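Trainee: I would like to learn how to read a model like this one, beginning with a single position and then moving out to the whole chain. Could you take me through it step by step?

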Amino acid sequence: MVSPGPLEPPAAWERLRERCPVATVELPSGDRAMFLSRYADVRAMLSNPRFARPTAGDDSARLSADGAGGVAADAGPEYELAIPENGEPHQRWRRQVGRYFTAKRMAALRPGMTRIAESLLDEMVERGRPADLKAALGFPLPVYVICDLLGAPAEERDRFSHWSDAFLNVSRFTQEETRAAFGEFAAYMRDLIAAKRAEPGEDLLSMLIAEGAALPEEERLTDAELLATGMGLLVAGHETTANMIGKMVALLLADRARWERLLRDPSLIRTAVEEVLRFDANLGGFGIRRYLSEDLDLDGKVVPRGTTVCCGMSSANRDEQVFADADEMDLARSPNPHLTFGAGPHSCLGQALARTELQVVLEVLLRRLPTLELAVPTQELRKVEGLLVGGLREVPVRW
């Protein structure tokens with residue numbers, strides 16, 4: 001399913017929603033899976049607690065060929081992480097980790113995020129125009145924020161970026177490169193957790209360790225679960241947000257009327273961020289995968305157990321049955337029940353953090369650089385390739 005441009009959805013999505021909402025697709029590995037394109041089906045699948053992400057123990061379809069995929073793409077046995085995927089164990093994990101990601105706590109981080117964003121913009125302006133907004137702001141801001149949350153040194157950001165890319169690899173790295181990066185990443189996180197045990201701080205890992213000590217042993221996060229939590233949050237907390245910052249700015253500048261409307265009415269920033277999240281056609285790949293452990297009826301079609309189902313959130317977010325004028329970006333759209341963060345028991349834990357960062361970036365850019373514009377035609381923007389997440393390689397801007 002090829003997009004006509006770097007910011008536009010594949011034309012096939014609309015045809016699939018109309019004629020074949022449960023379609024068979026071939027993944028880059030050559031394996032086959034079912035692709036869901038309608039909002040109702042995608043939401044129902046993501047909300048169903050019976051079905052979880054594929055694991056090493058099942059026969060799910062692989063995304064990448066020859067076992068080269070990273071943890072998030074293929075979940076091979078050598079990459080198995082200990083976060084429980086289903087039932088009460090998963091909810092136990094979410095309760096403990098989720099206490100740190102409340103909207104109230106994220107709001108308390110907002111002034112610090114604003115200071116970092118303004119400092120990064122100062123540096124970008126000082127270096128002169130044109131500039132790559134993703135490299136200057138989109139990448140470093142989420143790294144600083146997630147490193148602060150985890151108590152990790154942001155100076156390691158280049159290593160974190162490499163490890164994250166390998167974690168999300170589909171075709172960028174070889175199997176050997178992916179394995180080596182995973183081993184380095186895991187060793188680093190084990191050492192970081194050991195350091196937090198020895199000298200606790202105010203960060204998330206220290207909190208999980210301290211609060212776990214007061215719980216019955218069967219309810220505590222194990223060392224393996226702490227390791228998986230740290231690795232997963234570091235990847236999700238900076239890679240996906242960095243990509244989203246770049247895409248948000250590009251989408252808003254692609255049509256100057258959008259940027260001008262926000263300049264006239266900054267009160268629309270919150271709904272504008274939600275609309276950008278809905279409108280993004282480049283979430284990456286085939287969407288979130290689910291493995292069917294039993295037969296499932298979808299739109300009158302029985303999908304047999306053992307099937308891998310790809311939930312096309314970007315397509316679902318353009319479903320005309322749910323969103324009026326779905327192919328138009330309405331910066332004041334409300335309500336906006338998009339599925340960008342998933343739904344149900346496996347929805348994104350860090351969505352309050354991501355929303356806060358996106359709002360802060362937009363607030364600061366509108367205030368500090370009202371004349372911001374893309375430095376290249378939209379069609380010349382280049383997409384990220386070979387990773388499970390979608391994004392733009394650079395976002396060239398001038399002001």
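Trainee: In which loop does Glu217 lie, and between which helices?

Mentor: Keep in mind that this is a predicted model. Glu217 sits in the loop that joins helix H10 (204–213) to helix H11 (223–254), in a protein chain that has 15 helices and 9 strands.

Trainee: Is Glu217 buried or exposed?

Mentor: A residue counts as exposed when its relative accessible area is over 50%. Glu217 has 64% and is therefore exposed, whereas 54% of the 399 residues of the protein chain count as buried.

Trainee: How far apart are Glu217 and Ile116 in sequence and in space?

Mentor: Counted along the sequence, 101 residues separate Glu217 from Ile116, and their C-alpha atoms are 39 Å apart in space. For scale, the C-alpha atoms of the protein chain fill a box of roughly 60 × 55 × 40 Å along the principal axes.

Trainee: What does the radius of gyration say about the protein chain?

Mentor: The idea is to compare it with the value for a compact globule, which for 399 residues would be near 21 Å; the protein chain has 21 Å, so the two agree. Among its contacts with a separation of 6 or more, 73% come from residues 24 or more positions apart.

Trainee: How many positive and negative side chains does the protein chain have, and how far apart are the centres of the two sets?

Mentor: There are 48 positive and 60 negative side chains, and the centres of these sets lie 3 Å apart. As for the surface, the protein chain exposes about 17200 Å², of which carbon and sulfur atoms supply 50%.

How values were computed:
Residues numbered from 1 in each chain as written. Predicted model: local features only at pLDDT ≥ 70, side-chain atom pairs only at ≥ 80, totals over all residues. Heavy atoms only, no water. Helix = DSSP H or I, 4+ residues; strand = E, 2+ residues; numbered from the N terminus. Rg over C-alpha atoms; globule rule 2.2 N^0.38 Å. Buried < 20%, exposed > 50% of the residue type's maximum accessible area, 1.4 Å probe, protein only. Contact = heavy atoms within 4.5 Å. Areas by Shrake-Rupley, 256 points an atom, 1.4 Å probe, with all protein chains shown as cover. Lys, Arg positive; Asp, Glu negative; His and termini not counted. Charge placed at Lys NZ, Arg CZ, Asp CG, Glu CD.
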